[in-house]
Amino acid sequence: MRIAMIGTGYVGLVAGACFSEFGHHVTCVDKDERKIAALHAGKMPIYEPGLDDLVGNNVRGGRLDFTTDLAGPVKDADAVFIAVGTPTARHGEGHADLTYVFAAAEEVAASLSGYTVVVTKSTVPVGTGRKVHKIISEKAPGADFDVASNPEFLREGAAINDFMRPDRVVVGAESDRCRAVLRDLYRPLFLNETPILMTSLETAELTKYAANAFLATKITFINEIADLCEATGADVQEVARGIGLDGRIGKKFLHAGPGYGGSCFPKDTLALVHQGREHDTPLRIVETVVAVNDDRKVRMAERIVHACGGSVQGKTIAVLGLTFKPNTDDMREAPSLVIVPALQKVGARIRAFDPEGMSEAKKHAELDGVAFCNNAYETMEGADALVILTEWNEFRSLDLERARSLLRDPVMVDLRNIYRPEEVVAAGFSYTSVGRRAVAPPKRPRSVSLGGR
Ligand code: UDX
């Protein structure tokens, strides 16, 4: 089958490359000439493990191509995917900005030829598929097309595996002909017996928001339980295991931390809240999740100040990890963008390092004034405390002796719980984590003098 993928952001590029790996012929279209030129040169616009090889192999195999010209690939396509951004609108109450989706629909309409399925892959509010249908019908009255909704559930950092081995595929489609095209596109997954849910457009659109909001709720729930653990002496990791082994709850997404970030959860929870209000069915749980998560990032800065003895005025804090999670260079809504400025505001100097996120981080005004370092140990030199913000693997087994010798004060704040308190304390640190009691190394016994001699 021939696919035109409009938009080479995270979802568009990964989905395009994966569909070509399934054997389809995919042309990825983007207005950004520099991005397309870079892709032609084999350079990926994002850091995603395995993506460069996947793209390279399929380009060489003649199944994957990139262009700024939308008309040609759309004319030839059996399916056109709209995978452009749906950011939170700048002025408003959290609703998704659909300008790019509707603009893409208009452009697609002008070039349709023969029966084509136009698929929204971007996360779009309920009702958008019908609007896309209307736009195309008005612009191209005679066009032979259907609109489908096929939300994407991939995670950054694990995107290829998530696309190739999904828990399920959700397809909103309302004619047999349209469903048949989508079935053909996902044929390799059918053979693997991946559940493929055929639903209405509205159900597919809402399923995506409900999934993200539920996961965001699960994280926020365990984060609040972590606070209660700290206050009562319980251990959140044991609580998470204790509840997660209950099959009805499940173990995943119960890691307490500094609050969720990224390109999806913050934007999609806000957009869902907005949709609830618009339809006069307020989603009070999700509203609370949004508020609790926003607040949490500020509380994390307070926690660091507290671990530093109540003030960071004039102190230097070494921050490891800036991206919203590991294995990505994505800085969108990263907790670091709130925590770092909050610490600077109360007088801290920040030294920071991230394995892949440095060039993205440097573009963020929130991080102005940060001294960016070349590796974890350089970051620690002369700092008064060490803070782990993102759980990159390379931070999981730091040489604690060396870290201690580089730091002015052996204070560690681990906001991802990647260390065991005993081992950090044994290395002479005072250790603050999330949902576990803060611990300090045992005081050295004072030298006792019994006089005499
Ligand atoms: C998410 C969804 O998982 C994916 O299905 C959807 O398509 C896009 O949004 P992503 O944003 O890439 O994917 O990252 P994810 O791994 O879900 O993490 C999101 C945020 O939650 C991160 O900030 C992460 O640190 C945080 N998180 C996740 C926790 O704090 N605890 C957890 O247990 C899991």
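This is a predicted model: local features need pLDDT of at least 70, side-chain atom pairs count only at pLDDT 80 or more; totals for chains, interfaces and linings use all residues.
**Domains and their interface**

The domain assignment divides the protein chain into domain 1, residues 2-199, and domain 2, residues 200-453. Taken over C-alpha atoms, the centres of domain 1 and domain 2 are 34 Å apart. To the contact between them, domain 1 contributes 36 residues and domain 2 contributes 26 residues.

Between them, domain 1 and domain 2 bury about 2600 Å², and 56% of this area is on carbon and sulfur atoms. On the side of domain 1, the residues that lose the most area to domain 2 are Y47, V126 and E156, which together account for 27% of what that side buries.

Polar and charged groups also take part in the interface. Two salt bridges are found across the interface of domain 1 and domain 2. Between the two domains, 13 residue pairs are in polar contact, with both residues at pLDDT 80 or more. On the side of domain 1 that touches domain 2, the elements giving two or more residues are helix 6 (128-139), strand 6 (145-149) and strand 7 (169-172). The residues of this side of domain 1 comprise 16 nonpolar, 12 polar and eight charged.

**The ligand**

There are 18 residues around the ligand, of which F153, L154, E156, H255 and G261 come nearest. E156 has already been named among the residues of domain 1 that lose the most area to domain 2.

| Residue | Protein atom | Distance to a ligand oxygen atom |
|---|---|---|
| E156 | polar backbone atom | 2.7 Å |
| G261 | backbone N or O atom | 2.9 Å |
| K208 | side-chain N or O atom | 3.0 Å |

**Salt bridges**

For the model, the count comes to 25 salt bridges. Another joins the side chains of E138 and K134, with an N to O distance of 3.4 Å. E138 and K134 are separated by about one helical turn, because they stand four residues apart in helix 6. Helix 6 is also one of the elements that give two or more residues to the side of domain 1 that touches domain 2.

Technical notes:
Residues are numbered from 1 along each chain as its sequence is written. Side-chain values use heavy atoms; hydrogens and water are left out. Domain bounds come from an automatic or database domain assignment. Contact means heavy atoms within 4.5 Å. Buried area is the accessible area (1.4 Å probe) that two parts lose on being put together, summed over both. A salt bridge is a side-chain nitrogen of Lys or Arg within 4 Å of a carboxyl oxygen of Asp or Glu. A polar contact is a pair of N or O atoms within 3.5 Å; within protein, one must be able to donate a hydrogen and the other to accept it, and residues adjacent in sequence count only if both atoms are side-chain atoms. Ala, Val, Leu, Ile, Met, Phe, Trp, Tyr, Cys and Pro count as nonpolar, Asp, Glu, Lys and Arg as charged, and the others, Gly among them, as polar. A residue is near a molecule or strand if one of its heavy atoms lies within 4 Å of it.
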